Amino acid sequence: MNFFEQQDRAQRNTGRLVLLMGLAVASLIAITSLVLTLLWRWLGRDQQYGYQPVGMDWGLVGEVALVVIGVVVIGSLYKSVQMSGGGKTVAERLGGRLINLEPQGIEEQRLLNVVEEMAIASGIPVPPVYVLEDEGINAFAAGLTPQSAVIGITRGAIGLLSRDELQGVIAHEFSHILNGDMRLNIRLMGLLFGVLVI
């Protein structure tokens, strides 16, 4: 499989993920409406009319839809405002330490050199680089725009990967910056947070 096929597959998967998020909100509306309708009937709200209506109470469904969508939107906006500080906010929340001005040791200097090389090759400014004190091998790019983007990498990745492997990891993170993946991820994080508030 070549690069373009993988890119097409990733875009299809992203579309599916957005669709599933929409279905999650619709499911929340349906389940909440059903539960409230059953609860209303069980508590005898409709007994004042002397009968038990059959079917859904569509007025209730509309009210529930407005409340659920409102909570999801407010939760999403709250999370989006939290993340609007750019990648710096994300990296610092994860416990990252900025190393651009004061690299500690040869491994951190090597990392900065690789990031600078990738920035020159991709034609974007050198992003701030954060190191997370974790022995696992991991890296991320965060930020809403290439100008607010940062790259975070774990101590394990710096220490265990060769220079070529490190270059591959950093190039991958630069691809996220250039393709705008971070903006979509932050929006999805906000929507997911709104869904989880329910």
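Which strands does helix α6 lie across? In this predicted model, α6 (residues 163-179) lies across β3 and β4. The helix runs at about 145 degrees to β4. The account below starts with the sheet and then turns to the helices.

The sheet is open and has 4 strands. Their order is β1-β2-β4-β3, and the pairing is mixed. Strands of a sheet pair through backbone hydrogen bonds, either parallel or antiparallel. β1 (97-98) and β3 stand at the edges. Each has a single partner strand, so one side of each is left without a neighbour in the sheet.

The pairings can be followed along the strand order. β1 and β2 pair in the antiparallel sense over 2 bridges. Here R97 stands opposite V131 in β2. β2 and β4 pair in the parallel sense, over 4 bridges. In this pairing V129 stands opposite I151 in β4. β3 and β4 (residues 150-154) pair in the antiparallel sense, also over 4 bridges. The bridge partner of A141 in β4 is I151. For A142, the bridge partner in β4 is V150.

Side chains come next. In a regular strand the side chains alternate between the two faces of the sheet. In β2 (129-132), V129 and V131 point one way. Y130 and L132 point the other way. All four residues are buried. Strand β3 (residues 139-142) is likewise covered on both faces. A139 and A141 are buried on one side. F140 and A142 are buried on the other.

Helix α4 (residues 106-122) lies across β1, β2 and β4. It runs at about 140 degrees to β2. At 1.5 Å a residue, the 17 residues of α4 should span 24 Å. The end C-alpha atoms of α4 are 24 Å apart, which agrees. The buried residues of α4 are E108, L111, L112, V114, V115, M118 and A119. They cover an arc of only 160 degrees around the axis, which puts them on the same side of α4. On the other side of α4, I106, I120 and A121 are exposed. Elements covering the buried residues of α4 include β1, β2 and β4 from the sheet, together with the helices α5 and α6. Just after α4, G123 takes a positive phi of about 80 degrees.

Helix α6 can be described in the same terms. α6 has 17 residues and reaches 24 Å from its first C-alpha to its last. This is close to the 24 Å expected at 1.5 Å a residue. Within α6, the residues L166, I170, E173, F174 and I177 are buried. Seen down the axis of α6, these residues fall within an arc of 105 degrees, so they line one face of the helix. What covers them includes the strands β3 and β4. The cover also includes the helices α4, α5 (155-160) and α7 (181-197). Just after α6, G180 takes a positive phi of about 75 degrees.

α4 lies across β1, β2 and β4, while α6 lies across β3 and β4.

Methods
Residues numbered from 1 in each chain as written. Predicted model: local features only at pLDDT ≥ 70, side-chain atom pairs only at ≥ 80, totals over all residues. Heavy atoms only, no water. Buried < 20%, exposed > 50% of the residue type's maximum accessible area, 1.4 Å probe, protein only. Pairing = 2+ DSSP bridges. Contact = heavy atoms within 4.5 Å. Axes fitted to C-alpha atoms, helices over the stretch in contact; angles between N-to-C directions. Expected span 1.5 Å × (residues − 1). Arc of directions from axis to C-beta.
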